[in-house]
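Please examine the sequence and the three-dimensional structure shown below.

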Amino acid sequence: MISVQNVSKAFGPKKLFEDVNVAFQPGRRYGLTGPNGAGKSTFMKILSGELEPDSGQVFRPRKLGVLRQDHFGYESVRVLDVVLRGNAILWKALDEKHALLAKPQISDEDGHRLAELEGVIGEEDGYSAEADAGELLEGLGIETRFHDEPMKALPGGLKLRVLLAQALFGRPDGLLLDEPTNNLDIDSIRWLELFLEEYQGVLVTISHDRHFLNAICTHIADIDYEAIITYTGAYDDMVKQKGQVRARIEASNAEKQKKVEALQDFVARFSAGTRASQVQSRKRAIQKLKMEDLKRSNIAAPFIKFELAKQSGRQTLELLDVEKRFGDLVVIRPFAALVTRGEKIAVVGKAGAGKTTLVKMIAGELAPDAGTVKWGHQAQVGYLPQDHAGVVRKGTTAFGWLRELEDKLSNEEISGLLGRMLFSGEERMKPTDTLSGGETVRMLLARLMLFKDNVLVLDEPTNHLDLESINSLGEGIDRYEGTAIFVTHDQELISEVATRIWLVRKGEPVLDFPGKFDELLEKHPELEVHRR
């Protein structure tokens, strides 16, 4: 069990938590939710011991697996050894054993100590440790050829997967996972879901992937109303319960308010008359009718609505055997497709399969080596890249950047657009140099809303967004009357919005499936993207 008792934490005048008491029970899987800035990562660091609370105590199990975000901290370490370090008891025993065996002569005392260490290694399954670590790595999409390589040989996304394997290794009694699905493709996410469903310890995870939270969570610990409230069930269950509780309190308060007003009216009319005892009785009744405390929620969702300045032609886009290679590596084999107005196409596949390469060619950011990208009549394309570096100009403000892009709108219209994207009041003048990842994505979505393009090409648009923003984005794409082509690993977004699937596979042609994601999995069970 992980137990939090009377924990408080503040940064300057901003209080994140005050006298929080919550227990995370073994055998349960908790999703830690709340909007950006609510303090989820701070609370997770307090749980892991990385950050001390201002007051209060945290009690942790002996073996705690923590997903570290420092993926450059093991550059010279063998990948398998990084995973093995996830079991600190085993790693310490192995390290001491190797040091003793490296001595020129082994004393009797050393021999006794080696026997003790062999016992520890056996108890911690040390003799199958490398095989177990390799199985974890393969499940997370890291091929066997990388296992004996140093971490510096891996790209950044794969390094994070190694750190996730480190957290999972060694059967920890508790698991703390902050955004474990970042940089995972759909296949790896589904493998992780299955792994965590079999996990017997206590799990606390932060994720902006609603499908993932619904798939694995038995409980939700929600940071809101200046507290942490635990709900039974998955994410969608929590949203429903939370709404019901608030609606019930609001209805109760409204009914009490009516009674108070009626009693106050009686007191006002008869306080100077002969009905003094009845007036006193009404006053006592008013005192008893206390309203339940209903703090203001800190959850806010942007309003995302993509409109069209003009319609495109019915045949919006034609791909004529487009192909792309890098050196001898063929990334996109000749691919032909006809896209008609209003289609919502999800581009899915394993990490590194070529999804971004394909949409870059469609958006005109990358030239195909062969074939043609042919746009239809009046097609106007809005593009949101996966790499946001340099897209929002530094040295200005949120308001100033949008003002530069479109000088035909009034200041009030620009302010209204920013307000819908949660930049209200002073936030409108926030320097672009200080924008967070989520704020940058909201600014780029605001730009798309501003230009009213009739085609949207979006590469991982949910990166850095919180759950409320992702839900709003899904609703915005679903209501959009134009054509949308989007890369995402968010399974909820794919399932709810996509009307057509392009599955990109290494070394194979792109599979063009004219239907919903669930239908693709039903008709092609042999695909690497497996049903849970």
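## Basis of the description

This is a predicted model, in which local features need pLDDT of at least 70 and side-chain atom pairs count only at pLDDT 80 or more, while totals for chains, interfaces and linings use all residues. Residues are numbered from 1 along each chain as its sequence is written, and side-chain values use heavy atoms, with hydrogens and water left out.

Helices (H or I, at least four residues) and strands (E, at least two) are DSSP runs, numbered from the N terminus. Two strands pair if DSSP finds at least two bridges between them.

## The six-stranded sheet

Six strands form an open sheet with mixed pairing, in the order β5-β6-β7-β3-β8-β9. Strands β5 (64-66) and β9 (227-232) stand at the edges with a single partner strand each, so one side of each is left without a neighbour in the sheet. From one strand to the next, the twist averages 15 degrees; axes are lines fitted to C-alpha atoms, for helices over the stretch in contact, and angles run from 0 to 180 degrees between N-to-C directions.

Six bridges pair strand β8 (residues 219-224) with β9 in the antiparallel sense. Among the paired residues, D222 has I229 in β9 as its bridge partner. Helix α6 (residues 156-168) packs on this sheet and touches β5 and β6 (174-178), its direction making about 160 degrees with that of β6. Contact here means heavy atoms within 4.5 Å.

## Strand β7 within that sheet

All five of the five residues of strand β7 (residues 202-206) are buried, so β7 is largely enclosed by the rest of the structure. Buried means under 20% relative accessible area, exposed over 50%, and partly exposed in between (1.4 Å probe, protein chains only). On one side of β7 lie V202, V204 and I206, and on the other L203 and T205.

Strand β3 (residues 29-33) pairs with β7 in the parallel sense over three bridges, and Y30 has V204 as its bridge partner. The pairing of β6 with β7 is also parallel, over five bridges. In that pairing, L177 stands opposite T205.

Which residues point each way from β15? V455, V457 and D459 point one way, and L456 and L458 point the other way. Five of the five residues of β15 (residues 455-459) are buried, so this strand is largely enclosed by the rest of the structure.

Strand β14 (residues 381-384) runs parallel to β15 and is joined to it by four bridges; the bridge partner of V381 is V455. Strand β16 (residues 483-487) also runs parallel to β15, with five bridges between them, and F486 in β16 stands opposite L458.

## The three-stranded sheet

A further open sheet has three strands in the order β11-β10-β13, with antiparallel pairing. Strands β11 (329-340) and β13 (370-375) are at the edges with a single partner strand each, so one side of each is left without a neighbour in the sheet.

Strand β10 (residues 315-326) and β13 are joined by five bridges, and L320 has T372 as its bridge partner. Helix α11 (residues 355-363) packs on the sheet and touches β10, β11 and β13.

## Helices α13 and α14

Helix α13 (residues 411-420) packs against helix α14 (residues 437-451) at an angle of about 130 degrees, with their axes 10 Å apart. I414, L417, L418 and R420 in α13 meet M443, A446, M449 and L450 in α14.
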